[in-house]
Amino acid sequence: NHEYEAKNYWESQKFAWIGLKLIFKNERNFRIQILFALFVIFLGFILNIEHSDWVSLFLLITLVLVTESFNSVIEAVCDTISHEYKVNVKYAKDVAAGAVFITAIVSAVAGVVILGPYVLEFILNYFIY
């Protein structure tokens with residue numbers, strides 16, 4: 001079936017946008033992660049963080065969103081293979097979910113490490129002194 005083959009570069013980009021719309025529409029956790037990302041970006045602007053910290057935050061945000069996307073793909077493929085209980089299907093889905101969990105936790109900790117000094121400086125400058 002050739003209906004999924006891009007004829008040119010622009011058509012492949014169209015498929016990518018369709019994929020982004022689909023994951024945003026269908027995956028609650030992806031939408032929640034987008035909200036967290038927007039909050040972190042807003043906080044970065046308020047705290048006037050440095051260039052290298054922006055790069056780090058965007059890499060962390062991207063890592064979480066990409067991991068969640070792969071998790072969704074794995075779940076969809078597994079559900080296509082079988083709706084019956086199968087040990088290997090459960091294993092694949094659980095490991096993919098675990099990867100998202102690890103990525104989200106490590107990214108949250110790294111986010112606190114990155115933004116923490118800025119938050120502390122903000123509090124000291126605007127509420128203490």
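## Burial and exposure

A residue is called buried when its relative accessible area is under 20%, and exposed when that value is over 50%. In this predicted model, buried residues account for 24% of the 129 residues in the chain.

The surface can also be described by area and by atom type.

## Secondary structure and overall form

The chain contains 4 helices and 0 strands. Followed along the sequence, these elements give the pattern α-α-α-α. The radius of gyration of the chain is 19 Å, well over the 14 Å given by the globule rule for 129 residues, so the chain is more spread out than a compact globule.

Along its principal axes, the trace spans about 65 × 40 × 20 Å.

## Contacts along the chain

Contacts may link residues that are separated in sequence. Among the contacts between residues at least 6 apart in sequence, 62% join residues at least 24 apart.

## Charged side chains

The chain carries 9 positive and 12 negative side chains. The centres of these two sets are 10 Å apart.

Y9 belongs to helix α1, which comprises residues 9–26. Because its relative accessible area is 51%, Y9 is classed as exposed; the cut-off for that class is over 50%.

The position of Y9 can also be related to that of D79. These two residues are 70 residues apart along the chain, and a distance of 30 Å separates their C-alpha atoms.

Key. Residues are numbered from 1 along each chain as its sequence is written. This is a predicted model: local features need pLDDT of at least 70, side-chain atom pairs count only at pLDDT 80 or more; totals for chains, interfaces and linings use all residues. Side-chain values use heavy atoms; hydrogens and water are left out. Helices (H or I, at least four residues) and strands (E, at least two) are DSSP runs, numbered from the N terminus. Buried means under 20% relative accessible area, exposed over 50%, partly exposed in between (1.4 Å probe, protein chains only). The radius of gyration is taken over C-alpha atoms; the globule rule is 2.2 Å times the number of residues to the power 0.38. Contact means heavy atoms within 4.5 Å. Lys and Arg count as positive and Asp and Glu as negative; His and the chain ends are not counted. The place of a charge is taken as NZ of Lys, CZ of Arg, CG of Asp or CD of Glu.
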